[in-house]
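Hi,

Here is the structure I promised to pass on. Have a look at it first, then read my notes below.

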Amino acid sequence: MLTKKQNERLTQVGPGTPMGELLRRYWHPIAAESELDESPIKPVRLLGEDLVIYRSKNGQYGLIERNCPHRRADFANGIIEEDGIRCSYHGWCFDHRGQCVEQPYEDRANPKGKFKEKIQAKAYKLEAKAGMLWAYMGPDPAPLVPNWEPFTWDNGFRQVVFADIPCNWFQCQENSCDPVHFEWMHRNWSSRQFGDGSYGPAHLELKFDEFEFGHIYRRVREDTDKDNQHWTIGATTLWPNAFFLGDHIEWRVPVDDENTLSVTWMFHRVPSDREPYVQKKVPYWKGPVKDEDGNWITSHVMNQDIVAWVGQGVIADRTKENLGKSDLGIAKIRACFEKNIQAVENGEDPMALIRDSDQNICVKLPIKHRELFTTSMSLEDSKALAKRLSYNLNQPDYQHQTGQPESVKMEYQKAMGMIPEDATETI
Ligand code: FES
Ligand SMILES: [Fe+2]
């Protein structure tokens with residue numbers, strides 16, 4: 001149970017808040033790279049600030065405050081220039097650092113004036129990696145955008161999946177260190193809703209460890225023992241706001257105190273007869289969280305998680321909770337956040353920043369059954385191996401979240417050799 005003050009310290013993310021300042025030390029995926037192919041400007045909200053992301057004509061990415069410093073017009077309606085963005089109201093132009101470089105009328109009326117030099121829009125860094133666009137809103141020098149090991153894998157079909165979640169980010173992230181919910185939410189509740197009502201294997205023992213890039217939880221269930229990779233390798237609560245499961249990473253990106261953007265980067269290894277496979281563009285999509293009748297969707301794993309998170313309230317009231325032994329991981333990450341908030345308050349670097357470019361060639365993470373994602377195998381062999389290891393991999397449908405568009409499904413099934421290249425329908 002926390003005090004109201006402690007709860008606020010963990011959940012508030014706006015500028016100047018302790019957690020907001022900590023989270024500004026990390027890169028956050030905020031959009032898919034291919035989103036800017038359709039329209040080169042997109043409004044976003046991150047850490048309580050309204051911003052736009054854009055791509056200049058020269059290919060440079062920009063992230064600038066949403067409203068023009070002149071008279072507050074919306075840069076979402078801006079004009080893309082060679083290096084920067086121009087406000088469509090009176091034509092002031094800003095480079096990717098946010099410096100005003102042109103004021104058409106002022107420049108004509110007073111050519112010697114230095115007015116534009118004094119105008120600086122708030123601007124941040126934006127970089128592309130792994131088919132996503134990453135924002136950094138902290139002080140210089142910025143760390144590197146982490147090159148997590150799966151980003152370096154070849155022969156994969158990747159997709160980026162979003163969902164808008166109307167609740168605070170921290171309860172979403174606590175779920176990344178909560179092994180027992182798998183048994184109930186994803187197994188037993190699913191079985192009650194859609195199956196035969198049977199119960200899955202119960203958890204018998206848990207262990208939570210800290211490591212360089214977050215926390216690891218280990219589990220023994222009725223159907224596994226301590227030789228199983230659920231125990232020897234475990235699952236990763238990736239610092240500060242992600243969950244890592246080998247073939248995918250889920251980020252809980254703090255939009256503001258009451259909204260979270262769920263971002264999943266998913267990798268499917270293509271079968272050996274499709275190699276070498278080079279994906280030209282990483283597709284993206286956003287799934288719904290409610291059905292047409294306004295009810296929360298509970299059919300897929302990610303949707304079930306979302307139902308749990310929003311069910312805890314817009315901002316979970318931790319003054320009213322009762323933590324047990326299953327929540328040791330939750331207590332650990334809360335303490336770790338407090339430690340790192342204090343590090344930032346003391347002017348120190350928080351944990352898990354990557355500044356060494358050699359290290360960033362490939363940042364290794366603990367990965368259960370790495371062979372499933374990195375070994376060249378036929379589709380049948382990979383499915384059979386996955387089944388033996390109790391994974392539900394390489395199905396025709398996207399298993400994790402509802403709402404995959406038909407066009408992405410088609411691309412996936414072709415990449416996986418499930419349908420021919422010239423097919424016009426999915427299976
Ligand atoms: S409001 Fe942007 S140029 Fe005037
Ligand atoms: Fe879950």
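**How the two domains meet**

Seven residues of domain 1 touch seven residues of domain 2, where a contact means that two C-beta atoms, placed from the backbone, lie within 7 Å. The assignment puts domain 1 at 35-130 and domain 2 at 149-415; such bounds come from an automatic or database domain assignment. Taken over C-alpha atoms, the centres of domain 1 and domain 2 are 35 Å apart.

Before you go on: this is a predicted model, in which local features need pLDDT of at least 70 and side-chain atom pairs count only at pLDDT 80 or more, while totals for chains, interfaces and linings use all residues. Residues are numbered from 1 along each chain as its sequence is written, and chains are lettered from A and ligands numbered from 1 in the order in which they are written.

**The whole chain**

The protein chain has twelve helices and 18 strands. Both are DSSP runs numbered from the N terminus: helices are H or I with at least four residues, strands are E with at least two. For 427 residues, a compact globule would have a radius of gyration near 22 Å, and the 23 Å of the protein chain agrees with that. (That radius is taken over C-alpha atoms, and the globule rule is 2.2 Å times the number of residues to the power 0.38.) Buried residues make up 36% of the 427. Buried means 20 or more other C-beta atoms within 10 Å of the residue's own, exposed means 12 or fewer, and partly exposed is in between; these C-beta atoms are placed from the backbone.

**A six-stranded sheet**

Follow the order β1-β10-β9-β4-β3-β2 and you have an open, antiparallel sheet of six strands. At its edges are β1 (28-32) and β2 (41-46), each pairing on one side only. Pairing here requires that DSSP finds at least two bridges between the strands. Inside this sheet, β3 (residues 49-55) and β4 (residues 61-65) are antiparallel and share five bridges; one of the residues to look for is Tyr-54, whose bridge partner in β4 is Gly-62.

**A strand covered on both faces**

Now find β14 (residues 235-238). Ala-235 and Thr-237 are buried on one side, and Thr-236 and Leu-238 are buried on the other. In general, side chains in a regular strand alternate between the two faces of the sheet. Leu-238 takes part in both pairings: Gly-214 stands opposite Leu-238, and in β15 its bridge partner is Ala-242. Between β14 and β15 there is a hairpin of three residues.

**Two helices to compare**

In α1 (residues 4-11), the buried residues are Asn-7, Leu-10 and Thr-11. They sit on the same side of α1 because they cover an arc of only 85° around the axis, the arc being that of the directions from the helix axis to the C-beta atoms. Among the elements covering them are α2 (18-23), α5 (169-174) and α9 (328-345).

In α12 (residues 406-415), look for buried Lys-409, Tyr-412 and Ala-415. Their arc, seen down the axis of α12, is within 130°, so they line one face of the helix. They pack against β11 (156-165) and β17 (259-269), whereas Glu-406 and Ser-407 are exposed on the face turned away from the buried side. Just after α12, Gly-417 has a positive phi of about 70°.

Cheers
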